[in-house]
Amino acid sequence: MSARLGCFFVKNSLFFTAIIYLAFLFAFVPLYAMPLLEYVEKANNRNVSVQGDEAVFHGVTITLGKVNPENALFCKKLIEAHYKGAQLIPVWNCGSPSFENWEIEDDFPLPGMTTLVGQIPDMRMCRCSSYCIFVFTGKEVRCDILDVMYGTEAPLLIKGGVIRARDHRLSRGLDFCEGLHPKPVVYYLFSKDGWRKCKTGELSAEYRELYNDLMQKKFDDCDKVCAASYELGYYAFMLGMSGKETFQLLCEFLEQNGVFHNKNGLDTEEIARNAISRLSDELLNGAHEEMPHVKGGPWQAN
């Protein structure tokens, strides 16, 4: 009897452990939003349509592929969005724009809302991209621009109404090899005022996972370790660590990964101090900022 009872408890404890693990696993996963062209075919939503180079999203008309007469050699195309005669986002495009890489998701970021995300390559550099994010809230359409600068990693729609992206602002002014600059993961949450960056202490489980991943990662290059120290510092701050705690953490992280001086001769304390200074100036001071919002919005939908 006791053996059967023990077996019962073991099996059930394993079962409940599996359930808890799966619940955690699927609570914060990508939604894999539907491609816009597929959505138009299947969703039967009369407020969303695509005809050639023109799409309509709850009253907003988005036009791709229009030739720019002022700069036909470098930036041959335009992406434009209009609502009730007002021009929302005139964006120069240095490639061939297409709705094929636009995505849409119903009931995001909240039930009853619909979100449309489209890539808009920047005119300044072909490697740069921004993403235009339209949200139909049920009463109005919001239009926001997320600039990911040097990255081509698309913003990721996450269950729970969260956008996951990379912040590339630290690419400026740091002496890293191209592509190795720090680019910490940032999360945006949707509120009544639109998208805003996650605040310190919010989504702590997600930042803890990013923190742990870096702490366990193996590196084969000094630049990669130094860049990772900036990202680790950001995650530490977002988890609520003090400046003193973060400084000590970064010094230990650098030394544990074999970095006692960088290629410019700075020692671990100087590297850690510079990281904290840049994070404070460029990322943390704006940690509560809203996503860059298109001038004049939001626009009231029909």
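Modeller: A polar contact is a pair of N or O atoms within 3.5 Å. Keep that cut-off in mind. This model is predicted.

Biologist: Which residue caps the N-terminal end of H6?

Modeller: Look for a side-chain oxygen that lies 3.2 Å from the backbone nitrogen of glutamate 269. A polar contact needs its N or O atoms within 3.5 Å. The residue that supplies this oxygen, and caps H6, is aspartate 267.

Biologist: Against which elements do the buried residues of H6 pack?

Modeller: The buried residues of H6 include Ile271, Ala275 and Leu279. Thr268 and Arg278 are also among them. They pack against strand E15 (194-197), H4 and H5.

Biologist: Which element gives the most to the largest nonpolar core?

Modeller: This core has 49 residues, and Ile163, Trp195, Tyr207, Tyr234 and Tyr235 touch the most other members. Several elements each supply at least two residues, including strand E10 (129-136), helix H3 (204-216) and helix H6 (268-284). The top giver, with 10 residues, is H4.

Biologist: How far apart are the N and O atoms in the salt bridge of arginine 273 and glutamate 269?

Modeller: Both residues lie in helix H6, four residues apart, about one turn of the helix. Arginine 273 is partly exposed at 45% relative accessibility, and glutamate 269 is partly exposed at 41%. The closest N and O atoms are apart by 3.8 Å.

Biologist: Is aspartate 144 buried or exposed?

Modeller: Its side chain meets that of arginine 142 in a salt bridge (3.9 Å, N to O). Arginine 142 has 5% relative accessibility, so it counts as buried. Buried means under 20%. At 1%, aspartate 144 also counts as buried.

Biologist: What separates lysine 42 and glutamate 38 in helix H2?

Modeller: Their side chains meet in a salt bridge (2.8 Å, N to O). Lysine 42 is exposed at 57% relative accessibility, whereas glutamate 38 is partly exposed at 30%. They are four residues apart in H2 (residues 36-42), so the separation is about one helical turn.

Biologist: How far apart in space are tyrosine 83 and histidine 58, C-alpha to C-alpha?

Modeller: Tyrosine 83 sits in strand E5 (residues 77-83). Tyrosine 83 is buried, at 4% relative accessibility. In sequence, tyrosine 83 and histidine 58 are 25 residues apart. In space, their C-alpha atoms are apart by 9.5 Å.

Methods: Residues numbered from 1 in each chain as written. Predicted model: local features only at pLDDT ≥ 70, side-chain atom pairs only at ≥ 80, totals over all residues. Heavy atoms only, no water. Core = buried A, V, L, I, M, F, W, Y, C linked by side-chain atoms within 4.5 Å. Buried < 20%, exposed > 50% of the residue type's maximum accessible area, 1.4 Å probe, protein only. Contact = heavy atoms within 4.5 Å. Polar contact = N/O pair within 3.5 Å; in protein donor to acceptor, adjacent residues only side chain to side chain. Salt bridge = Lys/Arg side-chain N within 4 Å of Asp/Glu carboxyl O.
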